[in-house]
Structures are given as C-alpha cells and as structure tokens.
Amino acid sequence: MKPETCRPLATALVLPLLIAPALLAQTTSTASSATGEEVVQMETFVINTDSDRGYTAVEALAGGRTNTPIKLTPASLSSLTKTFIEDLGIQNVREALQWTPNVVPTDPLAGKGFGGQAFHAWSFNYRGAGAGQQGGPGPTRNYFSFYQDADAYNVERIEFTRGPNSILFGLGTVGGTLTTYTKVPRFNDTFFSPAVIVDNNGSFRFEADYNIAFNEKFALRLNLLSDDNEGWRKADENERRAVDLAFNYKLSDRTSIRAEIEGARVERTLISTTIGDKISGWDSTTSSTTWGADPTGGSARTIPMANAGAWGDWLNPFWVYVPSLGDKALMGWAGGRASSSSLMDVGAALPFAPYAGWYPDRIKLPWEAEFSSTAGIPVRESDDWTYGRGISTIDYENATLFLDHKINDGLDLQFGLYRYSDDQEAKDYEGTGGAAIDINRQLPDGTANPNYGKPFADFFLSKQTQSRSVTEARAQLNYSFERDLFNRTWSQLFSVSTSRKKLTISARQYLAQVERPLANPADWAQNMVWGRLYLDEPNQLMDIPESLGGQTISYRPAYAYWFDFDDEFELTDVAVVSHSRLLDDTLSILLGARRDSYDEHLVELRRGPDRTNNIIDESDSGTTLSGGVVYWMNWLGVFANYSENIAPPNAGSQPYIDGRRPAPEEGKGLEFGLRATTGDGKYYATLSRYDTESRGRNVENPVGLRNVWQRYNVAVGNPQDSGLGSLAYSDTTSLDVSGYEFELTANPTPNLRLQASYGLPDAEVVDFYPQSRAHIDENLATWNAAVNATSDATARVNLQNAIASAQNTIAQAREGAPQQGSVDYTASFFAHYTMLEGQPLKGLSFGGGATITGKRYLGVYSGEDYFGSSITNVTAMIAYDTRIRDVRVRVALNIDNLLDANDPIVTSYHWGFADANGRHVREGYYFQNPRTFRLSTRLTF
C-alpha cells in the first residue's frame, strides 16, 4: 500500500467513531431501526424501495409511471437495489452499468480526456442500438430528464428499462433508458448516517444521510457529498460537491406534497492516455542550426512544426504558447521544423506502443509499394502516463415538486413540476496530432532554444460551453377498481396523463486568439493560439494570460461555423393506459397510446461576412402504441410486449446535405419470454428475446466530407473553409436490433444473496449514409483531379489521405454490418454471504463476482470485421456490521479488478496501415483501472 494512503485509510476508520458520542447525544430515534424502515405515504405514484428483497426489486414505475409489480409489467427492466449498491460500494451510475445486461457506456473515456471526450459522460448504449446524436436523450431521475452521470450519494435504486417503451418515455431510442430513484424522506424514523470512503489512490469521500421525522405527517431528508477523487493515472484529479434536500408533508390522509432540490458542482481534469508518434524518424543529429534554416547534419525525415500538430496548413505566424518560456512564451513559430515518423513520408502518427511488440514489425499504407519498420515507434514510459491538463467544470441544479391527492378510493391524481439546469465549461482539452521532436536549436527570436531535442505536442487552445435547462409540468389521473370475475379478482387501472416540457440547449465554441486585425477575415486561423506541452512536463496547466509578448489574447468565437447554436424544444404529450390484472393476478394486460407533439426553434450561429445565422422553426408529431401481456402458471410466467418510439433530431442537429431538415427517428419492437418467481421473494428470473428496429436515425458528419473539401481547397489554392470546406450535415442509418437477455436475483437463504445477468445483442445496420454515398460518387472525380494537379506534395498526400479515409468509412458502412460500438455480449455474477445470529463472527459478510463485457465492434476493413478487447473485472468485498450501543457500524473493504488485469483495451484500428498479411494494425487503446482497494466506514445513529 502506498505510504501516502495510510493516513486517509486510518481516517476512514477513526473519524466516524470520534464523532459518534456527540451525535448520540443529539439524535433520537422516533420509531424502528434503519433495517425496519417503512415509507408511510400514498403508493399509487411512489415506489417504496423498502419492499425490495435483497437484490430483488418488487415494484417499478415502468408500466406508465404508476406503481406496478415488476412481475406484472410486460416491458423488460432491470433494477439494482440499494442493498446491491451498498454491497458493491457503487458510487455512480457508470460504475453500475457493468452489472446489468446489454448496457455499456457509449464512450468508455467520456468526460475524461482530450480529443472531444470532455462531454456526455451520461451517454449510454442500450442493446447495441447506440445513444443517438450528441449523447442521445440522456438518462432520467425519477423519470425526469437528468443530463448527468448520477452519483449514488442520494440514490436508492438504479433502474434500466430496455426497449422502445412508448407509454413510459415516448421520445427515445429503441434501446431503452435509465432512471435513478432518489432517497425519500421517511415519516417513521429519525437517523443520521455519515460515511467516509477512501482508496489506495488517495481519494477521500464523505457522505451524510440525515432524515428527520418531525411527526407522522412531516419529514425532511438531507444528503451531503464531498468527494475528492484521485484516479490511478497521473494528474487524474476530480472533485464533486453536492447537497440534496427533500421534504415530505402529509396534508391529510388523502393529500401529500413531496419536494426535492439538489445542487452540485463537479470539477474534472481532462487528460489523454495515448499520443501519436512523430518522433521515430529522427536520427538525433538532424537539426536547424539557426531559426528557419533547412535541417542539416543528418538525413532524418522532418516536417513543418505546424504539421506536427496534425491540424494542417496554418499560415503565418502560427502562434504558440509555451508556458515555460516566460516572457517569450508566446511567439510565431511558422518556419520551424520538427521530426516526423519513420513510417513512409506522410508523417503518420500511430500511438506510442503500450509495450514492446505491440505493433507488427513491418507495415504499410495501401498505396505504398514498400513496407516500413515499426521498430522506432516509442513505447510509453508507464501505464499511468498521461499528458495534458484541461479543466472541465459542471454546475447543475434540479428541483422536483409532487402533489398527490386521493380523490376517493378509486381515483388518484398527481401534479408534478420539475426544473433542471446545468452549465459545463471545458477548456484546453483538444487532441493533438502526435508528439514530435523540436529540432530547432534557436527560438524564433534567434536565441538559444532550451527545449531543443525534446518531444512536444501541440493542440489548439479552446473553450467550449454547453448548457441545458428543462422545465416540465405533468398531471396524471388514475382510476382503479376491483371486481370479481369468474370468482377471481379483477383489478383494473385506467390512467390519463399529460405533460408539457421545454428543453433549451446552448453551445458555444471559443478558440484562443491574438486580437490582431487581418487583411482578410477569412484568414482567421492565423490568429489562433496553440498550446505546446514538452513531454518532460506533460501535465502542465495551460492558463494563458490575457496579455503576453505585446499581444492581447482572448478566447473568442471562430470566424467559421464550429459548434455554436441555441435550441428551444417544446414537447406536449398525452397518454392513456389501461392495466388489467385478472384471475387473482394470474393474467396481466397492459395497453397504452401516447401522442407527442413538438415545436423546435433552432438558431445556428454562423459567423463571417458571408455567413448568416441559420434559423429553423419546425413542428412535428407522432403517435406511439404499446401493448403487453404477462400470464403466470404458478411459479412460471410467459410474457410478450410490443412498443414503439419516436426520437426527434437532437438540438443543434445539422440539415441533410441537400438542405432538408432531419425527420424524427421511428422505432418499434416486440419482446417475449419466460419469467419465474416464488411467492416468498427468494427467486426472480427472466429470459427474453427481443426484435426491434429503428428507421431514419440521424447521424452527424459521419463520413468526414468537410475534411475532404478542406484538403481539396488547400490543394487548389482556395481558403481552407471556403465553399463546402465548412460543410456540417446529417445523414441517416437504419438498424435492426435483436437479441437475448437473462437475469436472475435470488435470496435462497437469509444470509445468501445472488445476482446474475447475461445479454446477447445483435444490432445490425440495414441502411448506411445514403446521402454521403451519393455525394462521394458525385465529387470523387473532382477530388482525384486535384490530387493529380497539385505540385504541393504535402497538400497532395493530405487530400489523398482524406479521400481514402472517407472511402474507408463508406466501405465499413455495409448492409448487415454490426452497429459500431455494439459488444458481443455482457455477463455478470455476484454472490454475497452474511454470518447471522448463532454463527461464528456474526455480522461478518463477504462476497465476490465478475463482470465480462464482450468484444466491441470497431469496423470492417477489406470486408473483414474488426473487434476491440473484451473486458473482465473480478471484484471482491468483505464487511463487518455491528452495533456499538445504539449505533450501527459498518466497515467494508471493496476490491475492484481483483486479478489486476492490465492488458490494453483496444478501441480502434488504423484505417490504412496493415501488416504483411493485410491485417490492419491496432491504433487506439486504454488501460482499465488496476486493482483498487476502497475502504468505507458508515455509522447509522
């Protein structure tokens, strides 16, 4: 164990015990112990998670936002109960995904790294169907929109509803959605439960859950979080502060008000774990003796420093900010030279290898006659190495208010109001084209270069802001009755609901620029400021001052369109639901219909004298249907469910290439299978088959046409962004999504809990990018003519690569190909055993299990499918529960990645480089978290 982690580990054990006496004197219990808690409130619209039995959830809102037994709900859903969350020490939703079938993060590194991974940590991929544009519709909290990776500090259950469940969410994907149930104030108990959690990386987390039951009608619940998370990788530092206050007021036996308000601030470092090689071609002697001179002294391949950043053909002065150079930190570096890769003459940038032998010995591009050696590609210095230190900050707030009223014994009414808002800023997080050697013995001002011979990486300094707000009002009226039918009980529910929701999204992209007038505004790229990290100090913070080197610097909008829009989306929906429970709950029939109508006002901000803001007003509507049945034959049941969905284009979505606005995606699907349960709650299992389809799914900029046109413009002598060089567009795909799912939760004895799941998805694309294909066919001859006509070798190779990359994307997009990002399968198993009264070491519990995520589909090259790595995570835990006077004390040690698996996880293959057998080489990768020990101490007064 690291010496620096000993102190926080000791604190986790000692701190709660030190504060216990004072809290004992201040806190009194008004009713039963924490293990006997019961929520006393109206059950029609509220889930009592205390009815859960170990790992088995009993009730859910998935049957139309009305409390329904899960065994009688035809739709497929999975629940991770608060007992499971506590046993596994789960701290957020992303950690929970591995324990449910057929749900994986859209991007395993989202929210953490360079290259556009700063956003959408909340985007999840259900059944391989993909999340959709810009992260998709996102998860929910209590079935309201919640665009965050929810922390578990105020969560009682995590629920996954799979399939296009129209009567639940209507607008969404065919894959499904996720919701978290937050902690509800309890009328019958006053308790205070603080916890301290630390790990061997140096993290320190404090949680507190404080419930005050003033009387049988009024209760408050306060949850607090302070989390300083230290990742295992260098410079991976994160903070989260959050507070959640809820109250529950029972105005009468028929009326109650529930409200909750939460505020949080999240700070993350944005780092990258891989970097491309433009070092291997240097011979350690070739250099530019004076500034701007041609390299001499050797025969190494070299490239202009502007190309070392792989962002192309920037004009003078190529402003670069190097923090370590003091008053010379900002200078124009155009004219300098850098090393290149040893791979051909194109300066290609395969990543540093994770270990020696990662790459084949010899590789080549398809149009090259000769093979090149990979021997010179550097090997990264350690698994935990990172570069960059961008910063992401997120502030979010949400408030919920429910009024529940029982009009009479058969009529229940609920009004709900919800408000959510967030603001995220990510700064200096863009990717780099690779690391090269600075071979300039002089700085641009002619003085000695202190960084000569060092590897460096350039990236443009940027800032992006995204904000969202949601305002929603709901009303739902339920009419229910019970009758005898054929001498058996018939329970009938009719529900009518309506809601109005307004979603606003705003996004802005800013680039660091010197405030310097230009003769031609179209040459705006000349004012861009790049950041430079020398890799002997790879995590230096780029906090560029506002004035430096006689220049004024600010983060300003780019001249060209980038990612700037304001969007207002207003949705009105009306739904009707009928749920018939017949023959003493032997037969359950659930029918529903929903009508969604939306209006959208979109303003895309397009800058420059020849550009005007693109204002779009559009409206559309759709009706979705759902119907399902469950029939129980004692302990065995059969079920079937049909449902539909629609998904409007996401905010800020681009028009089609021909200028038309994207239409909504439409989905539908059928699922059926077997369920088994025992009346005592000891076992619940389900096996299902699903067949769904999605038609007209919108995908933004899927083929890289803008890059081709930009390279074309440079090759023919036009400004890079002129004409179609600023093309931003949408295209469509259509999917067939099918597969199998199995789940089991069991509590066979009072001291044994089990969970198992298996998902086998089969997501295939049946129509790929029809407009992009037509555009390439129409313009390919023009592009190839420019390749043959230009005398600029760099421009020729860049255009040639861009065309080949676009053609490769189209080649991958073949009918019947798996949906990119889908996995072979998911599987999980966990068992937990507790020593009970009469057994040795009463209160001791231990558990273990494993999750496996199968290989992720990455693409097809030359007609062959390529897959990433499967991921296996073995976990274990041991805990001890006891009582000291009236205080429950729980100390737990959770171990993640018990076997310390550290093989690189492959995330991509290079589109062009192949070995002697024609196999494309591995390119992107990351390492999973190494073995991690997490120690927690929780007291409950």
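Me: Hi! Before we dig in, what sort of model is this, and what pLDDT do local features need?
Reply: It is a predicted model: local features need pLDDT of at least 70, side-chain atom pairs count only at pLDDT 80 or more, and totals for chains, interfaces and linings use all residues. Residues are numbered from 1 along each chain as its sequence is written, and side-chain values use heavy atoms, with hydrogens and water left out.

Me: Great. What is the span of H7 from its first C-alpha to its last?
Reply: H7 covers residues 793-812, which is 20 residues, and spans 28 Å, close to the 28 Å expected at 1.5 Å a residue. The expected span is 1.5 Å times one less than the number of residues. Helices here are DSSP runs (H or I, at least four residues), strands are E runs of at least two, and both are numbered from the N terminus.

Me: And what caps its N-terminal end?
Reply: Asp792 does, with a side-chain oxygen 3.0 Å from the backbone nitrogen of Thr794.

Me: Which residues of H7 are buried?
Reply: Among them are Ala795, Val797, Leu799, Asn801 and Ile803, and also Asn808, Ile810 and Gln812. Buried means under 20% relative accessible area, exposed over 50%, and partly exposed in between (1.4 Å probe, protein chains only).

Me: What do they pack against?
Reply: The buried residues of H7 pack against helices H5 (705-716) and H6 (770-789), plus strands S38 (752-768), S41 (857-861) and S46 (909-914).

Me: Switching topic: where is Arg675 found?
Reply: Arg675 is in strand S35, residues 665-677. Arg675 is buried yet has no salt bridge, and the nearest side chain of opposite charge, Glu671, is 7.1 Å away. For charge, Lys and Arg count as positive and Asp and Glu as negative, while His and the chain ends are not counted.

Me: Then which backbone oxygens does its side chain reach?
Reply: The Arg675 side chain reaches the backbone oxygen of Ile70 at 3.4 Å, and that of Pro74 at 3.4 Å. A polar contact is a pair of N or O atoms within 3.5 Å; within protein, one must be able to donate a hydrogen and the other to accept it, and residues adjacent in sequence count only if both atoms are side-chain atoms.

Me: On to rings. How many aromatic pairs does the structure hold?
Reply: There are 37 aromatic pairs. One of them is Phe84 with Phe830, edge-to-face at 6.2 Å centre to centre and 80 degrees between the planes. Phe84 lies in helix H2 (residues 82-88) and Phe830 in strand S39 (residues 826-834), so this pair ties together parts 746 residues apart in sequence. Both Phe84 and Phe830 are buried.

Me: What about Trp709 and Trp783?
Reply: Trp709 and Trp783 are also an edge-to-face pair, 5.5 Å centre to centre with 80 degrees between the planes. Trp709 is in helix H5 and Trp783 in helix H6, so the pair ties together parts 74 residues apart in sequence. Both are buried. The rule is that rings of Phe, Tyr and Trp (its six-membered ring) pair if their centres lie within 6.5 Å; planes under 30 degrees apart count as stacked, over 60 as edge-to-face and the rest as tilted.

Me: Which residues do ring pairs link into a cluster?
Reply: Trp122, Phe146, Tyr147, Tyr396 and Tyr420.

Me: Now, how many salt bridges?
Reply: The count is 51, where a salt bridge is a side-chain nitrogen of Lys or Arg within 4 Å of a carboxyl oxygen of Asp or Glu. Asp458 and Arg532 meet in one at 2.8 Å, N to O. This pair links distant parts of the chain, with Asp458 in strand S25 (residues 455-460) and Arg532 in strand S28 (residues 529-534), 74 residues apart. Both Asp458 and Arg532 are buried.

Me: Which residues are linked in a network of salt bridges?
Reply: Glu86, Asp87, Arg753, Asp881, Arg888 and Arg890.

Me: Last one: is Trp524 buried or exposed?
Reply: Trp524 counts as buried, at 6% relative accessibility. Trp524 is in the loop between S27 and S28. Trp524 and Tyr559 are 35 residues apart in sequence and 6.1 Å apart in space, C-alpha to C-alpha.

Definitions and conventions: Contact means heavy atoms within 4.5 Å.
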